[in-house]
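Please keep the viewer open as you read.

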Amino acid sequence: MFRFVLVSVNAKFIHTPLAASYLLGALRDKLCGDEFTFRTVEGTINEKQDALYKRIADEQPDAVGFSCYIWNIETVLSLAERLKQEHPGTAVMLGGPEVSFNSRELLEKYGFLDYILCGEGEEALPALVRCLGEKSEIPDGICTMRSGNEIRPGRLHKLSGDPPSAFGDVSEGSLQNKLAYIEASRGCPFSCAFCLSGEKGNVRFFSLERVKSDILTLASSGAQTVKFVDRTFNCDKKRAQEILRFIKDNYGEPIPDGVCFHFEIAADILDGETLALIGSMPKGSVQFEAGIQSFNPKTLESVRRKADFKKLEENLRTLISFGSCHVHTDLIFGLPYEDYASAKDSFNRAFALGANMLQLGFLKVLHGSALEEKAKEYEIEYSKNPPYEVVSTKWLRADEIRKLHRIESVFDRLYNSGRFKRTLRYVLSESGLSPFALFESLAESVGAESSVPLDTFTEKCFAFFSSLPGIDKMRLRDEMITDRVATNASAVIPKCLQIKDGRLKTVKRFFTEKIPPEKGSIRTLAILYSSGDVIFSDHRKKDKVSGEYEITRVKEQDCCF
């Protein structure tokens, strides 16, 4: 009996290992019989390695395979080294995007590695496991060390046809509180120099019937979010529309209300028909992520990315205007020809779109990417350890990138968290500052430590915003309180926003009698002095897109003062 263990070290507990699920399905399909057994071991990069290692070793494997990514490679190498030291007869193999383009270097550097599989593993892994179990010759294309310390190079494997089912072990409710992943295609029509997904415009589409079946399986799994990992979901318009219509037609039954499907799209190639379909989808049933990366034309040209900026902005504004789907946009700092002024312009232009989230990312120089080859030419300095993040470029100094990181931290906490949307709208409208200038100044004033408690951070922001020209302190306080009531289920208002008012008890009594809170709910109530309103929330009903709690607003004169 040959015992093989497949290890997936996830970034977070909520993540589900799509690659490992595919590989397990392939092993079962191709190596059925009594002579092989297969097990999977899941863990996270945040748990104690001793506990994860023990789960692997307890399986008493003859061979162990690790799925390797930018976020887990250091943990994987540590586990693999210990495994080889304590169980030298166990074959250790790596696979995944993090090892597919530097396999020779890894084998030269780490003597405890036996095999590296490059590219897609659904066909290569079963073939290797069979050879190990039968003690036959290792198949071609597997990177390994020959006798005499000569490395046999690997080749990039590519699956022919649809992959095996990844969801054979998924049952109703089995992924409760998890994030589920699904794919309807592999490859990308674009060949961006910072990415590994593009294959000269080659996209391989899976059977639509298979995709629809997988959607229904995952929709009933208990996962609240089902994320399509297709790099450009809408590259085939008709196909994208069919999947969206399938979700729409089956939403509520058999797809449970509350399940949300996430798609990565190219916003500038959306057409009117697809936009109209998205606009008709049930609220909260879909969300979209659109990579902008930069609004600098020369920057995009240098990384082989094309974008119709006018169409992109027009389509994103249309998507956002629906109010029925969460829209996430991305920028990447550190790309060629993007200096600090250009980064500022890209940010202001992206912010003006009003997406629910604007992710500020930093260039990662990935193994095998075209930018890795051009790094010297562009004077891109980056960490040689994962995640290989940019440190400086010909256009951005190291101190400027550090400054952008501080802005990112403050921006995430203020904007992307959704906790201060009203506050920011008011401050930006009255202060005359551009969005970038506001967050730049704020980062310098309040600091960028994410560990600062929310109430302390709120107090610092209140003090900073109050100091800006054109800001009315009472109006600011009311906007911040409204944000707090809408986004925080705690009934406690931060001390910096509290005002002693003898009428508050009367108001609470009035609303308790007129609109009794539901049993078990926590009611937060506040008087807004700049508008003469009273607001409260029982924190029972959340908006499916914004995630805000429903607020009841009543005029002061109607509250028995």
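This is a predicted model: local features need pLDDT of at least 70, side-chain atom pairs count only at pLDDT 80 or more; totals for chains, interfaces and linings use all residues.

Residues are numbered from 1 along each chain as its sequence is written, and side-chain values use heavy atoms, leaving out hydrogens and water.

Let's begin with an open, mixed sheet of seven strands, ordered β2-β1-β3-β4-β5-β6-β7. Strands (E, at least two residues) and helices (H or I, at least four) are DSSP runs numbered from the N terminus, and two strands pair if DSSP finds at least two bridges between them. At the edges sit β2 (36-44) and β7 (150-152), each pairing on one side only. Neighbouring strands are turned by 25° against each other on average, direction ignored; axes here are lines fitted to C-alpha atoms, for helices over the stretch in contact, and angles run from 0 to 180 degrees between N-to-C directions.

Within this sheet, β4 (residues 91-95) and β5 (residues 115-117) are parallel partners over three bridges, and M93 has Y115 in β5 as its bridge partner. Helix α1 (residues 18-30) packs on the sheet and touches β1 (2-10), β2 and β3 (63-67), its direction making about 165° with that of β1; contact means heavy atoms within 4.5 Å. Helix α2 (residues 49-57) also touches β1, β2 and β3, and its direction makes about 175° with that of β2.

Further along, six strands form an open sheet with parallel pairing, in the order β8-β11-β12-β13-β14-β15. Its edge strands are β8 (179-182) and β15 (357-362), and the twist averages 25° from one strand to the next. Strands β11 (residues 225-228) and β12 (residues 260-265) run parallel, joined by three bridges, with K227 opposite H262 in β12.

Now for the cavities: on a 1 Å grid over the protein atoms alone, each is a set of points where a 1.4 Å probe fits but cannot get out, and lining residues have an atom within 4 Å of a point. The structure holds five cavities of 30 Å³ or more. The largest has about 70 Å³ of space, and its lining includes R419, F420 and D483. Helix α17 (473-487) is one of the elements that supply at least two lining residues there; its share, four residues, is the largest. The second largest cavity has about 50 Å³ of space, and helix α7 (residues 237-250) gives the most to its lining, with three residues.

Conventions: On a 1 Å grid over the protein atoms alone, a cavity is a set of points where a 1.4 Å probe fits but cannot get out, and a pocket is an open set with protein on both sides within 12 Å along at least five of seven lines; lining residues have an atom within 4 Å of a point. Grid points are joined across faces, edges and corners, and a volume is the space filled by probe spheres set on the points.
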